[in-house]
Amino acid sequence: MTTPDFIRHREGLASLIDGKLASAALDSAVAAQSAALAARIGRKPCLAVVLVGDDPASHVYVRNKVRRTEAAGMISQEFRRPDDLGEAELIALVETLNADPAVDGILVQMPLPAHMDARRVVEAIDPAKDVDGLTATSAGRLVLGADGLRPCTPSGCVWLARQALGDLSGLHTVVIGRSILVGKPAALLFLEQDCTVTLAHSRTRDLPEVCRSADILVAAVGRPEMVKADWIKPGACVLDVGINRTDAGLVGDVAFGPSEKIAGHITPVPGGIGPMTIAVLLANTLKAAAARTGEKITDPLRG
Ligand SMILES: NC(=O)C1=CN([C@@H]2O[C@H](COP(=O)(O)OP(=O)(O)OC[C@H]3O[C@@H](n4cnc5c(N)ncnc54)[C@H](OP(=O)(O)O)[C@@H]3O)[C@@H](O)[C@H]2O)C=CC1
Ligand SMILES: Nc1nc(=O)c2c([nH]1)NC[C@@H]1CN(c3ccc(C(=O)N[C@@H](CCC(=O)O)C(=O)O)cc3)C=[N+]21
């Protein structure tokens, strides 16, 4: 297996998995297929992003998404609403986007304001446009192993692990965190790769010891530098999903400095899993556009 250029071998340190470079490679594959699809269907694939409220971090993600969607030759529609928007009005907006034939993908940015029931809002999304893979239909298809749209962040984790390690069959993957958005689907996606999977969470006993048995360690907790170097099996592949804003800047859930001396592969924060999430989102938008128009494409994450 040849190592892709976004995995950088370093003497005496873990190989660095550069998610920014990897996502640029995926983006250009998506852009090429998106242009070909647009020529066949007479319009560009289109992603609608809905952002409720004023969380500055959310605005940064949304701005990045808009920029990369347009760079990949797709249309980006952005809907910003104040955080006193009613749940019924938000669902009405989702239904308008469901009914719009020019919209292929709908993403409602989480978290939603506390006065809303996020599950009800997500369930309003047409599963054919569920590029976040969060509806019950998408989640059910994932459990069943049926075709469907998969959640972006965990798909990015699996893709990078495969690029770094090749066949994942039989490897022990420990996922820390069991959210609907990241941890739970990550466990199912690594299971689909024939990994032996442990799903750890806040009630897990002796988490450091559990982590020490991981060939692949996925940290999706939201606690700055919680995972210590002595939790890591020498040579393990460490995928850090955490995005934590601290006084020292943006840090992950893994203590990066000491851990890169132990791990075999590691993703940085920023520049790791975050950019990959957006790459998968664009790939999912392309897939949704192709499926909705009955066109065939090669899955950029497989090809
Ligand atoms: N890079 C990216 O693209 C993305 C990054 N993120 C980031 O990933 C992180 C996780 O996000 P998300 O999954 O939405 O977060 P949630 O807050 O929804 O879930 C956190 C999970 O961590 C578990 N947990 C909390 N404390 C501990 C602990 N001390 N030991 C073990 N497990 C613990 C919780 O367990 P329990 O269920 O028992 O409460 C829960 O399952 C955040 O930093 C977020 O910003 C999120 C999405 C995308
Ligand atoms: N419905 C929904 N789907 C999501 O996928 C979703 C969500 N809601 N809510 C919030 C989380 C978080 N998330 C990120 C995406 C990209 C970066 C990203 O590109 N991060 C850059 C840095 C950006 C910065 O500087 O803040 C990096 O890690 O290099 C981060 C976080 C998607 N999420």
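Select the loop between H7 and strand E7 (196–200) and stop at Asp194, which sits in it. This is a predicted model. Look at the backbone of Asp194: phi is positive, about 65°, although the residue is not a glycine. Most residues other than glycine have a negative phi, and most peptide bonds are trans. Is Asp194 buried or exposed? Asp194 is exposed, with 12 other C-beta atoms within 10 Å.

Move along to the loop between E7 and helix H8 (207–212), and pick Asp206. Asp206 is not a glycine either, yet its phi is positive at about 50°. Asp206 counts as exposed, because it has 9 C-beta neighbours inside 10 Å and exposed means 12 or fewer.

**Two cis bonds**

Select Met110 and Pro111. The peptide bond joining Met110 and Pro111 is cis, with omega about -5°. Where is Pro111 found? Pro111 is in the loop between strand E5 (105–108) and helix H4 (118–123).

Now jump to Val269 and Pro270. The peptide bond from Val269 to Pro270 is cis, and omega is near -5°. Pro270 lies in the loop between strand E12 (265–266) and H10.

**Ligand 1**

Stay with H10 and display ligand 1. Helix H10 (residues 273–293) supplies the largest share of the shell around ligand 1, with three residues. How many residues surround ligand 1? The count is 25, and the closest are Gly177, Ser179, Ser202, Gly222 and Thr277. Colour the shell by class. You will find ten nonpolar, twelve polar and three charged residues around ligand 1.

**Helix H5**

Select helix H5 (residues 136–144), then Ser138, Ala139 and Leu142, which are buried. These three cover an arc of only 100° around the axis, so they are on the same side of H5. Then step off the end of the helix. Gly145 follows H5, and the phi of Gly145 is positive, near 75°.

**Helix H3**

Select helix H3 (residues 87–99). Its 13 residues, at 1.5 Å a residue, should span 18 Å; the end C-alpha atoms are 18 Å apart, which agrees.

Which residues of H3 are buried? Pick Leu90, Leu93, Val94 and Leu97. They cover an arc of only 100° around the axis, which means that they are on the same side of H3. Turn the view to the face away from that side. The exposed residues Ala88, Glu89, Ala92, Thr96 and Ala99 are carried there.

Now show what lies over the buried residues of H3. The cover includes strand E3 (46–52), strand E4 (75–81), E5 and H4.

**Last stop: an annotated range**

Select residues 17–132. UniProt, in an unreviewed entry, lists this range as "domain: Tetrahydrofolate dehydrogenase/cyclohydrolase catalytic". Colour the range by secondary structure. Over residues 17–132 the chain is 50% helix and 16% strand. Finish by drawing a distance between the end C-alpha atoms of the range, which are 23 Å apart.

Notes: Residues numbered from 1 in each chain as written. Chains lettered and ligands numbered in written order. Predicted model: local features only at pLDDT ≥ 70, side-chain atom pairs only at ≥ 80, totals over all residues. Near = placed C-beta within 6 Å. Helix = DSSP H or I, 4+ residues; strand = E, 2+ residues; numbered from the N terminus. Nonpolar A, V, L, I, M, F, W, Y, C, P; charged D, E, K, R; others polar. UniProt positions renumbered as here; feature names shortened; annotations may be inferred. Buried ≥ 20, exposed ≤ 12 C-beta atoms within 10 Å, placed from the backbone. Arc of directions from axis to C-beta. Expected span 1.5 Å × (residues − 1). Contact = placed C-beta atoms within 7 Å.
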